Amino acid sequence: MARAVPPSRPPEHLPRVLLWRWRRNPLRRRADLAQAWIAVGLFLAVLAATPPVAFVVGDTAHRHYAETARHQHATRHHTPAVLLHDAPRHPEPGSAEARKTRYPVTVRFTDPRGHTRTAETDVTPALAAGNTVHLWVDGEGKITEAPLSTRQVRDGAIGCAVLAAMAVPVLGLAGYSYARRRLERHNLTQWDAEWARIAPRWTASR
């Protein structure tokens, strides 16, 4: 009968390894302690900065998108348009793909200035000529996208807030990496200077 294997436990010395920069020992340098404090400082800074940064960016983005939506609603018009010819039929009528497919068809509509225009817009398959569809046009009578909806404004603001919240830890990590490289260069410079001082005596004693 196989004997049950107890779950592995982390080595008892693991916390000591992780916290060696905080413990007094002959091998610890000032740069090691500085690196530890920089890590703690940046960690606390990231924790403190992430919520307000996400809020500020999200609020700014929401106001931007909301203003864009107001401008679009003021400058775009929902206009009826008449199909000038039949839309093509889908090879698989009634299928899920057919419900999602749209075909470009020439339509006629009146722009906000009262001019009759023709243009192409996408419509559902098999829509017959003479049927009416509604489309959005700008002040110059060109077909355009619908104005941003309330949901799109909200989703855009949330997306910006999430990206900002993700960017703060990345910046913190980049700052720590930069500081660590500078400290390593400092250590190498000190080692070179110390070796230049000790090497002549060490080689002379051989």
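User: Which residues does L183 touch, not counting residues up to four places away in sequence?

Analyst: L183 touches A31, A34, Q35 and I38. The model is a predicted one, and the residue numbers count from 1 along the chain. L183 itself lies in helix α4, which covers residues 150–204.

User: How far apart are L183 and A34, along the chain and between C-alpha atoms?

Analyst: Along the chain, 149 residues separate L183 from A34, while their C-alpha atoms are 8.5 Å apart. For the protein chain as a whole, 63% of the contacts with a separation of 6 or more are between residues 24 or more positions apart.

User: Is L183 buried or exposed?

Analyst: The cut-off for buried is under 20% relative accessible area. L183 is buried because its relative accessible area is 15%. Of the 206 residues in the protein chain, 23% are buried.

User: How many bridges join β2 to β3, and how many pair β1 with β2?

Analyst: β2 and β3 (residues 116–123) are joined by eight bridges and run antiparallel. In that pair, Y103 has V123 as its bridge partner in β3. β1 (residues 77–83) pairs with β2 over three bridges, also in the antiparallel sense. There, L83 has V107 as its bridge partner in β2.

User: What lies between the strands of the β2 and β3 hairpin?

Analyst: Five residues lie between the strands, and in this hairpin G114 takes a positive phi near 90 degrees.

User: Which residues of β2 are on its covered face, and which on its uncovered one?

Analyst: In β2 (residues 103–110), the covered face holds Y103, V105, V107 and F109, and the uncovered face holds P104, T106, R108 and T110.

User: How many bridges join β4 to β5?

Analyst: Two bridges join β4 (residues 132–137) to β5, and these strands run antiparallel. W136 has T144 of β5 as its bridge partner.

Key: This is a predicted model: local features need pLDDT of at least 70, side-chain atom pairs count only at pLDDT 80 or more; totals for chains, interfaces and linings use all residues. Side-chain values use heavy atoms; hydrogens and water are left out. Buried means under 20% relative accessible area, exposed over 50%, partly exposed in between (1.4 Å probe, protein chains only). Contact means heavy atoms within 4.5 Å. Helices (H or I, at least four residues) and strands (E, at least two) are DSSP runs, numbered from the N terminus. Two strands pair if DSSP finds at least two bridges between them.
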